[in-house]
Amino acid sequence: MKRRGTEGVVEDPRVVAVVVAYNRRQLLSEVLTALQSQTRPVDDIVVVDNASTDGSADVARSSAPGATLIRLTRNTGGAGGFAVGMAAALQRHEPDWIWVMDDDTVPTESALAEMVNAIDRYPGPDLVAVGSRVVWTDGSDHPMNTPRPNPFAKSEEKEFAAVVQAQPVRSLSFVSSMYRADVVRRLGLPIVDYFLWNDDFEFSSRILREGRGLSVPSSVVVHKTKALASTDADPGPRFRLEVRNKVWLFRASAALRPGEKLVYAGASVRRWIVTFLRSADRATLRDGLVTGLREGFSARPRPNSAALREAGVPDDVLAAVDGRAA
């Protein structure tokens, strides 16, 4: 996708990267260095420090002195960090696309160039999101972030994706994905109260309900997690958030169509069963299931501004976090 400049000259899209940081200062330095070493440079960088206690903010200042740094006064989770970061990008940097990643996601030097190339060459309409191939430190595909083909994609969408050696997807991970800024303005930001787990699934599915998305294998990032875990690995007490947020997704979100909800709900239940069967601490998972179901059905997520109250969000950004930025 190209955009037209003030003199009528076709320009590359303006890409703003958003990094959410929490107590991984060494990796954050590596991520920011990699972002500034892209063969297709990013136009701006926004770093959201989620109330780190390890000096991550100082690392951001020294590693990327030209970046916009927002220091929150409490940890708002990945969902809150990305909502704040995207709002800041929209309010302050006028992006065409917003590229998001965690502070343990190290992009290879051509990661952005390959995504932009796929966008430029895509022959079809309504492309609104693209994502990278995510590998672990040993170079193998990371099972936690391996995109699944869109089971609802029609033949034309598959053919368009094949032209750019990509795969049509219905959702993407926040571990390196990029979203068209005008669509984010219209459809809203991540939901802060999700905190973590399924926040990226809900957001990307909501964006992609009205457009098309691609997984671009030639765009590669390294997700430096401590272990090579999959989505059905035992999450311990965090299982409560998986359950609660899935209930919220199916009850309160417009991300999925009714038929899609049935498909994804069935897949979630199957994955939960596998997790239970493999767990050495089923009592914790059982408690998480009960609590998550109760919380999911008894309440709904708050507006983003309420969830971020007294979190240290700058006033101009806070004014935008409930969805449609000015």
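Is Asp182 buried, exposed or partly exposed? With a relative accessibility of 41%, Asp182 counts as partly exposed, where buried stands for under 20% relative accessible area, exposed for over 50%, and partly exposed for what lies in between (1.4 Å probe, protein chains only).

## Basis of the description

This is a predicted model, in which local features need pLDDT of at least 70 and side-chain atom pairs count only at pLDDT 80 or more, while totals for chains, interfaces and linings use all residues. Residues are numbered from 1 along each chain as its sequence is written, and side-chain values use heavy atoms, with hydrogens and water left out.

Helices (H or I, at least four residues) and strands (E, at least two) are DSSP runs numbered from the N terminus.

Asp182 belongs to helix 6, which spans residues 181–187. In sequence Asp182 is 92 residues apart from Leu90, yet the C-alpha to C-alpha separation of Asp182 and Leu90 in space is 9.1 Å.

Ile207 sits in helix 7 (residues 199–208) and counts as buried, its relative accessibility being 0%. When neighbours within four places in sequence are left aside, Ile207 is in contact (heavy atoms within 4.5 Å) with Val128, Tyr179, Val183, Val184, Leu187 and Gly188. Ile207 and Asn117, which are 90 residues apart in sequence, are 21 Å apart in space from C-alpha to C-alpha.

## The packing of helix 8 and helix 9

Two packed helices are described by the angle between their axes and the distance between the axes. For helix 8 (residues 239–252) and helix 9 (residues 258–278), the axes come within 11 Å and cross at roughly 170°; such axes are lines fitted to C-alpha atoms, for helices over the stretch in contact, and the angles run from 0 to 180 degrees between N-to-C directions. Helix 8 and helix 9 are therefore roughly antiparallel to each other, a term for angles over 145 degrees, as against under 35 for roughly parallel, 65 to 115 for roughly perpendicular, and oblique for the rest.

The crossing of helix 8 with helix 9 is left-handed, that is, the near helix is turned anticlockwise from the far one by less than a right angle. Helix 8 contributes Phe239, Glu242, Val243, Lys246, Leu249 and Phe250 to the contact, and helix 9 contributes Lys261, Tyr264, Ala265, Ser268, Arg271, Trp272 and Phe276. By class, this contact has eight nonpolar, one polar and four charged residues, with Ala, Val, Leu, Ile, Met, Phe, Trp, Tyr, Cys and Pro counted as nonpolar, Asp, Glu, Lys and Arg as charged, and the others, Gly among them, as polar.

## The buried side of helix 4

In helix 4 (residues 111–121), the buried residues are Ala111, Leu112, Met115, Val116, Ala118 and Ile119. They cover an arc of only 155° around the axis, which puts them on the same side of helix 4; the arc is that of the directions from the helix axis to the C-beta atoms. Their cover includes strand 3 (15–21), strand 6 (97–102), strand 7 (105–107), strand 8 (127–135), strand 10 (177–180) and strand 11 (212–223).

Ser56 lies in helix 2 (residues 56–63) and is buried, with a relative accessible area of 1%. Apart from its neighbours within four places in sequence, Ser56 is in contact with Asn23, Arg24, Arg25, Leu28 and Asp49.

Glu94, in the loop between helix 3 (77–93) and strand 6, has a positive phi of about 50° although it is not a glycine, and at 63% relative accessibility Glu94 counts as exposed. Asp126, placed in the loop between helix 4 and strand 8, is a residue other than glycine with a positive phi near 65°, and at 46% relative accessibility Asp126 counts as partly exposed.
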